[in-house]
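The sequence and structure are shown first.

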Amino acid sequence: MTGLQELLLSRIRDVADYPEPGVMFKDITPLLADPEAFAALTDALAGIAKDTGATKVVGLEARGFILGAPVAVRAGLGFIPVRKAGKLPGATLRQSYDLEYGSAEIEIHAEDLAAGDRVLVVDDVLATGGTAEASLQLIRRAGATVAGVAVLMELGFLPGRARLEPALDGAPLQALLTV
């Protein structure tokens, strides 16, 4: 384990039985409250953005906003939010996707992306991969190229990576931590 991984893990709190019994929630708010850990996380994700040749960063609602915006600033890139349906004003592209029980929809402002853009998707956790997969579809529908996906942590016991890899079409998926 690297020093960065040790630092990040030491600032992530386990919360038992949240949001429902039997779930061990990984709370990143202590990490965000620690300026050293948050800066180290931002630097690591900004390095991934630069390594992938990204020109824009997409952050997935809601914690992806918290991580993606400073990553974009640190890497000198633009930031685009992917929101739950109905939260963005004006014309949007909408993508539906399946959840474990039901479905959901996300949206993006298509005019914020252009054909020459290479987009890195940033989020806190890769779990089942549904939201990330839908965001890749939106990015491509807007005419941009997917540069990759970068997450703070991947829940290795869930099928997110297996679901997402075909949609990545060779673009990298990088998790700083796998739990």
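## Helix packing

The crossing of helix 1 and helix 3 is left-handed, a term for a near helix turned anticlockwise from the far one by less than a right angle. Helices (H or I, at least four residues) and strands (E, at least two) are DSSP runs, numbered from the N terminus. The model is predicted: local features need pLDDT of at least 70 and side-chain atom pairs pLDDT 80 or more, whereas totals for chains, interfaces and linings use all residues. Residues are numbered from 1 along each chain as its sequence is written, and side-chain values use heavy atoms, without hydrogens and water.

In contact (heavy atoms within 4.5 Å), Leu4, Leu7 and Leu8 of helix 1 meet Glu36, Ala37, Ala40, Leu41 and Ala44 of helix 3. By class, this contact has seven nonpolar, no polar and one charged residues; Ala, Val, Leu, Ile, Met, Phe, Trp, Tyr, Cys and Pro count as nonpolar, Asp, Glu, Lys and Arg as charged, and the others, Gly among them, as polar.

## Largest pocket

A pocket is an open set of points on a 1 Å grid over the protein atoms alone, where a 1.4 Å probe fits, with protein on both sides within 12 Å along at least five of seven lines; lining residues have an atom within 4 Å of a point. Of the 40 residues that line the largest pocket, Arg63, Val125, Ala127, Thr128 and Leu155 lie nearest its centre.

The lining of the largest pocket divides into 24 nonpolar, five polar and eleven charged residues. Strand 7 supplies the largest share of this lining, four residues.
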